[in-house]
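Reader: I am new to this one and would like to be walked through it slowly. Could you show it to me and begin with the terms?

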Amino acid sequence: MNNQKHPTKQKHELQVEELLSEMTIREKLGQCVMIEPCFCVAERVSEQFGESYTGTDDPEFLSMLLEKYHIGAFLFGGASQIGDGSAEAWASYIGRVTQHNQKTRLKIPMMYGIDAVHGVNFMKGSTIYTHNLALAATWNPTLTEQYAKTVGAELSALGFNINFAPTIDTARDVRWGRVYESLGEDPFLASQIAGALVKGMQSAGNLAGCAKHFIGYGESRNGMDRTQADLSDRVLLEMHAPPFEKAIEEGVLTMMVNGADVNGVPVPVSKKLLTGLLRDKLNFQGITLSDWEDVERLYSRHKVVTNRKESLVRSFNAGLDMNMAVCNIGAVDSMEEAVQEGLICEQRLDQAVRNILLTKFKLGLFDAKPVNISDAATRVGNAESKAIAKQLALESITLLKNENEILPLSKRSQSILITGQSAASKRHLCAGWTLGWASAKEEDLDCETVLDAIKSIVSADTSITFAATAEELKALKVSPSDFDVCISVISEEPHAEWVGDSMDLSLEQAEQDILQASIDTGIPVVMVSMIGRPLKMTWVDENVAALLWIYSPGTEGAASTAEILFGDANPSGKLPISFPKDGSQVPCVYNARSYQSDEIWTRYEPLYEFGFGLSYTHFTYSNLRVPNRVKVGENLEVIVTVTNSGQRAGDEIVQLYLRDQFATVSRPLKSLKAFSRVSLEPGSSETVTLTLTPADLSLYDEELNFVEEKRTIDVLVENLVSEFSIEGSYTKS
Ligand code: BGC
């Protein structure tokens with residue numbers, strides 16, 4: 001490393017070594033344990049210590065944690081709240097803990113972590129943005145980066161310095177309850193969005209992102225959360241590693257570890273994955289952090305150790321730096337015993353503490369100014385964040401069906417029937433991880449509903465009738481001529497983690513009933529889906545006139561939805577994930593390894609394919625230019641012209657896929673390798689250049705070397721195909 005080029009790096013490393021040399025074993029161990037103060041108080045852990053604490057800011061409680069146990073990091077879980085949950089309450093609590101920490105011998109600053117996974121989603125009055133899956137549907141890394149930067153600034157104004165985001169697990173099974181939190185099924189699209197999230201969030205330099213959950217969390221054996229995955233090294237490298245590689249390339253400072261087992265070994269004890277893959281191969285330099293109580297679960301659930309101390313020892317020795325122990329403060333004592341018994345070597349301990357301290361120095365925590373409470377209060381939920389949230393919703397909303405161009409609707413329609421309880425719900429707009437773990441309370445959210453937004457966009461003469469449930473609708477006894485159109489807003493109960501796992505991908509019964517009743521009226525139905533992930537939609541597709549997927553668009557999403565429904569905006573989102581026809585097709589991913597043959601039943605035939613999404617205009621592609629050959633190690637430029645051949649302005653996502661004609665190993669049917677969002681006025685064209693790097697042209701060979709194998713590759717852009725060959729020789733890496 002050239003020290004002159006990295007003077008601060010060298011300075012920080014020297015500071016770390018100096019501090020490390022002054023620390024006792026116990027002080028070092030405290031740095032490696034992350035505690036959840038609200039849970040500690042709620043679960044009455046104080047009784048373990050024969051004490052009774054009055055609350056999270058009881059000085060005795062803080063002394064116990066900070067002075068006796070030398071705890072170096074706090075987290076606040078999805079359901080935790082400080083005081084009245086306001087910006088002032090959070091910022092002043094963090095300020096008080098920070099101040100209390102000044103009583104400790106070495107005054108090593110604390111880290112404070114929280115799940116701000118779609119905005120400052122734990123605070124009333126904050127802007128709630130759409131969830132990750134919709135970010136991927138925008139195919140817009142620039143806007144995503146802006147969003148992450150804004151959330152990062154809001155969070156650090158409050159005093160936080162780790163955000164447990166982004167979730168970048170590649171979601172390969174739509175039964176999984178966390179699909180809406182993911183960036184979809186494709187490793188390339190997920191990487192581009194993941195990179196933008198990390199870059200934006202960490203841009204001010206005082207907040208650490210946390211890429212999660214390394215690795216294999218999004219493709220469990222049966223699609224259920226925290227369930228074991230059997231994934232070959234090839235699948236891990238090709239499908240699951242890329243978003244993490246990109247996050248690392250963008251300098252992500254912390255990494256949360258998947259608690260489930262992958263190939264028979266729980267990841268928190270997998271030296272192969274935590275040290276071999278993550279550190280040695282992917283060159284991750286930051287802090288590895290367990291997920292919630294997952295170290296404890298090595299003993300209580302996985303049974304890969306015979307006691308609790310061994311779970312601490314094994315995970316630590318495998319490469320886990322920080323244990324999200326939640327309430328298990330005693331982990332510090334057990335680890336201390338383990339060091340004394342020689343079960344953990346001091347070298348490994350020093351390495352973990354080095355990673356933690358270096359991150360604290362990089363974030364500037366040693367010279368951080370006290371939290372400015374009024375600044376914190378004005379940032380959260382400001383106009384700038386609302387504008388970004390609205391734009392993200394606009395660019396993500398994906399039109400999946402539009403029979404006879406029923407959409408956009410006329411604002412001058414005479415009468416519109418609106419059905420479905422979630423049309424009038426704010427908490428369904430925001431979904432999981434909002435002012436709580438699984439769901440916000442309706443009264444705690446202050447935003448427009450879809451019903452409000454439609455009422456305010458249509459003409460004063462348009463009459464709107466609303467029926468929340470099938471019973472209410474049936475009681476209206478409508479006849480088809482009563483209404484021009486029925487907008488049916490269909491949702492699912494907001495959920496977090498395993499609560500949302502779905503075995504059969506069915507709509508919830510009440511939602512199915514209101515949709516059925518809406519269809520039975522004989523009025524053409526425009527279904528607005530506020531469901532966070534693909535469910536079974538074949539029947540829906542056959543029975544509705546239009547289907548608009550708005551994801552879980554957040555507090556500004558109702559306005560975006562109305563603008564698209566009534567033509568003030570043109571939909572441009574494209575699917576980041578496939579819709580299977582039904583559950584038996586799962587896993588249903590566009591880039592599975594598949595035979596290019598009609599004889600064998602491994603074709604990809606979903607209801608809606610990855611990358612799909614309609615517009616109110618039409619785009620045509622022409623003049624695909626691909627050089628005939630490229631030399632190993634060189635970039636390849638692909639040029640294509642896209643024209644808006646319809647009547648309205650609109651955005652198109654130009655998508656470039658590669659398909660190997662032949663390779664030495666089985667390859668995906670096609671793989672996304674580049675994309676670009678272009679805005680076009682009617683009749684105008686743009687010539688787009690997409691650059692492919694040697695890495696884009698490489699594959700994992702039989703021995704899993706990443707090589708630019710010589711071969712001929714098809715380039716697919718929309719309906720155009722061309723080919724090129726790779727020439728020259730390569731070295732294996
Ligand atoms: C989730 C993580 C989250 C953590 C802390 C866990 O249950 O799996 O994604 O960051 O809780 O709230």
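Author: Two strands count as paired if DSSP finds at least two bridges between them. Helices (H or I, at least four residues) and strands (E, at least two) are DSSP runs, numbered from the N terminus. This is a predicted model, in which local features need pLDDT of at least 70 and side-chain atom pairs count only at pLDDT 80 or more, while totals for chains, interfaces and linings use all residues. Residues are numbered from 1 along each chain as its sequence is written, and side-chain values use heavy atoms, with hydrogens and water left out.

Reader: Good, so what is the order of the strands in the open sheet of 5 strands?

Author: The order is β4-β3-β2-β1-β10, and the pairing is parallel. At the edges stand β4 (162-163) and β10 (323-326), each of which pairs on one side only.

Reader: How many bridges join β3 to β4?

Author: Strand β3, which covers residues 111-114, is joined to β4 by 2 bridges, and the two run parallel; within that pairing, G113 stands opposite I162 of β4. With strand β2 (residues 73-76), β3 pairs in the parallel sense over 4 bridges, and there A73 has M111 of β3 as its bridge partner.

Reader: And which helix makes a β-α-β unit with β2 and β3?

Author: That is helix α5 (residues 87-101), and the unit is right-handed, meaning that, with the strands pointing away from the viewer, the path from the first strand over the helix to the second runs clockwise.

Reader: Are the faces of β3 covered or open?

Author: Both are covered, with M111 and G113 buried on one side and Y112 and I114 buried on the other. Buried here means under 20% relative accessible area, taken with a 1.4 Å probe and protein chains only. In a regular strand the side chains alternate between the two faces of the sheet.

Reader: Let me change topic: which residues are around the ligand?

Author: They are L75, D115, F164, R178, K212, H213, R226, M256, D291, W292 and E497, where a residue is near if one of its heavy atoms lies within 4 Å of the molecule. This shell divides into 4 nonpolar, 1 polar and 6 charged residues.

Reader: How far is a polar side-chain atom of D115 from an oxygen atom of the ligand?

Author: That distance is 2.5 Å. A ligand oxygen also lies 2.7 Å from a side-chain N or O atom of H213, and for R178 the corresponding distance is 2.8 Å. Taken alone the ligand exposes 310 Å², of which the protein buries 96%, with accessible areas coming from the Shrake-Rupley method.

Technical notes:
A polar contact is a pair of N or O atoms within 3.5 Å; within protein, one must be able to donate a hydrogen and the other to accept it, and residues adjacent in sequence count only if both atoms are side-chain atoms. Accessible areas come from the Shrake-Rupley method with a 1.4 Å probe; for residues, only the protein chains shown count as cover. Ala, Val, Leu, Ile, Met, Phe, Trp, Tyr, Cys and Pro count as nonpolar, Asp, Glu, Lys and Arg as charged, and the others, Gly among them, as polar. Buried means under 20% relative accessible area, exposed over 50%, partly exposed in between (1.4 Å probe, protein chains only).
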